[in-house]
Amino acid sequence: CDLGGAPTNLAELTIPKAGLVVGVVYEVTLTSTRNAEALFNASLVFPASSPSSFSNPSSSSVSFAVVEGAKNIPVYITVCDPSKVGTIFQCESSMPFPRLSADRPLVLQAAVDPSWERTLRPVVVWESLGEVDSELLTPGPQIRTSTTAPLLIFAAGLLTPGHTLRLRVTITDSAGSSGYAELSAPVNVPPLGGSLEIIPPSGLALFTVFQLETHGWTSDAESLPLTYSFATVDPDIPSIRSQLATTLNQAVVTELPPGDASDAMRLGIHLTVSDVWGSSTVRRETALVAASTDDTSVLHAMLTSRLSAALSEGDDAALSKILSAFGPLLNSVQGACSGVTSVTGASAACRSLLTERKAIRANLLTVQMALLRRSVATESSLEQAGVILKGLTQKPLEMDAGGVRAAAAAAAQALSSAKSSGLRPAAFPTTLAVTMNQLLQAVSAGAGSPSSRRLLAAGITPLDSEARDLTR
């Protein structure tokens, strides 16, 4: 039988499985012929008297028999949503992966097709293919799981944009049967270039209308459209951000909270530009945003007006923005209580002001608790809830027992929503830990506290060691 057909310059022959029959012995013959015309070295001259044997063909043969072998285990790889790792929804469905993103963790799960019934004590081995990824699976902090476990997790930033990731996983069972699956996918290049501009560069908190513009971004057609996410940066913990808008538009018009009083009222503006594959690029700029007044009563009147409008219109998005902005604004406007760290020795004007400000914070925290109870939880809404709680509990002297209870109930509601939805917002444990610490300071300052039994009944549980210590 003819397996090759026409002459070829390839030194490797693949015989298709369909062309082989069990029980038949095959003999494969390779014939090679030298051809002087194929030599492109001009210094070589072959005279007409060259020996005729130069072009004689040379042959070699090999024989083999085809026998029945063990069936291959049907193995497949699932590219999982990294945000669902550790939840009941882990690897529940496969993410599309025409391209991978280097900006987020890569989670792969190897599994055997359910139709295969003999996978006893399977041995799993992951390996990288190709020169670019030859060191990819070297043990280190960037590989979050064992390379002999079904679940393989790469930390964000490990993959190289512009390269193609090639991996193979092999599963062998106790009976000696094995099978493998391979993954080959390009790693996407994130959006390039681009800048962020703030117009005007300075203004007053919740008064000046700012326009945040971005332009000059480059990306290939398959990565479009780009998404632009604008946020403010927390002055205390830069990794915490309060979302202003996520949009397909390259400009947003918005009011801004006040900047950092300890840094000449500078406010960091954070822009994340993402493509459809999840690859992103960040730009940061700074605006100067001062408080429009130092009078708490004026702030209270502004707050009451805006809250009434948002509540009457049922605009929860506007309500969340109000809650996000008024915490930092209250923290920066101290009036007669500026510099006061203890009620003891405080002036009568400050004591009176503290009463008003406690009522404001308790009211805002109650509104936040109600907003959490009626809203559908998302990662961004829970991140924002943590930012709001951190801002509204930041001044221990301005928290009374009602405010502490409302904050504890809001935190419990946020935790419950995160658990029931299988969500794990990245910054939420940090903002929750800070909030609990601030509540403990408020209790120490004399605000009073709900009993530990009430806290446990409300479902407050530690998310990490820091939160556990602070909660205790």
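The protein chain has an average pLDDT of 84, and 85% of the residues score at least 70; pLDDT is the predictor's confidence in each residue, from 0 to 100. Over residues 448–471 the pLDDT is below 50, and this stretch has 32 contacts in the model beyond near neighbours in sequence, a contact being heavy atoms within 4.5 Å. Where pLDDT is low, the predicted coordinates should not be read in detail.

This is a predicted model, in which local features need pLDDT of at least 70 and side-chain atom pairs count only at pLDDT 80 or more, whereas totals for chains, interfaces and linings use all residues. Residues are numbered from 1 along each chain as its sequence is written, and side-chain values use heavy atoms, with hydrogens and water left out.

**Helix pair**

Helix α1 (residues 296–313) packs with helix α2 (residues 316–332) at an angle of about 165 degrees, and their axes are 9 Å apart. α1 is therefore roughly antiparallel to α2. Angles run from 0 to 180 degrees between N-to-C directions, and axes are lines fitted to C-alpha atoms, for helices over the stretch in contact; under 35 degrees counts as roughly parallel, over 145 as roughly antiparallel, 65 to 115 as roughly perpendicular and the rest as oblique. Helices (H or I, at least four residues) and strands (E, at least two) are DSSP runs, numbered from the N terminus.

In α1, Leu299, Met302, Leu303, Arg306, Leu307, Ala310 and Leu311 meet Ala318, Leu319, Ile322, Phe326 and Leu329 of α2. The residues of this contact comprise eleven nonpolar, no polar and one charged. Here Ala, Val, Leu, Ile, Met, Phe, Trp, Tyr, Cys and Pro count as nonpolar, Asp, Glu, Lys and Arg as charged, and the others, Gly among them, as polar.

**Sheets**

Two strands pair if DSSP finds at least two bridges between them.

| β9-β11-β14 | antiparallel | 15 degrees |

Strand β11 (residues 210–218) pairs with β14 over four antiparallel bridges, and Glu213 has Ala251 in β14 as its bridge partner.

Six bridges join β3 and strand β4 (residues 106–112) in the antiparallel sense; Cys80 stands opposite Val107 in β4.
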